[in-house]
Amino acid sequence: MGNRKHLKRADRTYKDLKQKQKAKIADCMFEKTCDYYREHDKLPEGEDSEKIAGQIYQRVKGIAEKASFDEVYRLYLYRLPRYEARIAENGLPERKEKKKEDADKPKIPIISSIDPCFIVCSLIASNVPQK
């Protein structure tokens, strides 16, 4: 395993997160910034950026309990000008639609929740010739 120490969730700060986790947080920051931009046609400032950082902080707090709001807020303010340049250069990205798994899947009844006696009786009743 090497010399790497394993930290429990309660002991981790933002700096202790893996690069993949930090990348997901950065994606979340950019996505929330784009959502705000779509609604207001400008980037968040002051109280609005603090509100967005608060939403992101809730997500970070779930994986790194020792992370502070100030740390996340400073990081968001640091990235905000880069997001502005990215939006100006590439435009707003298309919104990702959430997966519609239920609409794509054929509906199959769940037999495990039905009483087995009901199934047997239904099968017997359907095979009985009508008079």
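This is a predicted model: local features need pLDDT of at least 70, side-chain atom pairs count only at pLDDT 80 or more; totals for chains, interfaces and linings use all residues.
I started with Arg86: its charged end sits over the ring of Phe30, 3.6 Å from the ring centre. For a charge to sit over a ring, NZ of Lys or CZ of Arg must be within 6 Å of the ring centre and within 35 degrees of the ring normal. I found Arg82 doing likewise with Tyr78, its charged end 4.1 Å from the ring centre.

Numbering runs from 1 along each chain as its sequence is written, and side-chain values use heavy atoms, without hydrogens or water.

Next I searched the whole structure for aromatic pairs and got three. Rings of Phe, Tyr and Trp (its six-membered ring) pair if their centres lie within 6.5 Å; planes under 30 degrees apart count as stacked, over 60 as edge-to-face and the rest as tilted. Phe69 and Tyr73 are a stacked pair, 5.6 Å centre to centre with 10 degrees between the planes. Both lie in helix α3, four residues apart, about one turn of the helix. (Helices are DSSP runs of H or I, at least four residues, numbered from the N terminus.) Ring pairs also bring in Tyr57, giving a cluster of Tyr57, Phe69 and Tyr73.

Buried or partly exposed, I wondered about Phe69? Phe69 has 24% relative accessibility, so it counts as partly exposed, whereas Tyr73 counts as buried because it has 18%. The cut-offs: buried is under 20% relative accessible area, exposed over 50%, partly exposed in between (1.4 Å probe, protein chains only).

Last, I looked at α2, where the buried residues include Ile52, Ile56 and Tyr57.

Note on methods: Helices (H or I, at least four residues) and strands (E, at least two) are DSSP runs, numbered from the N terminus.
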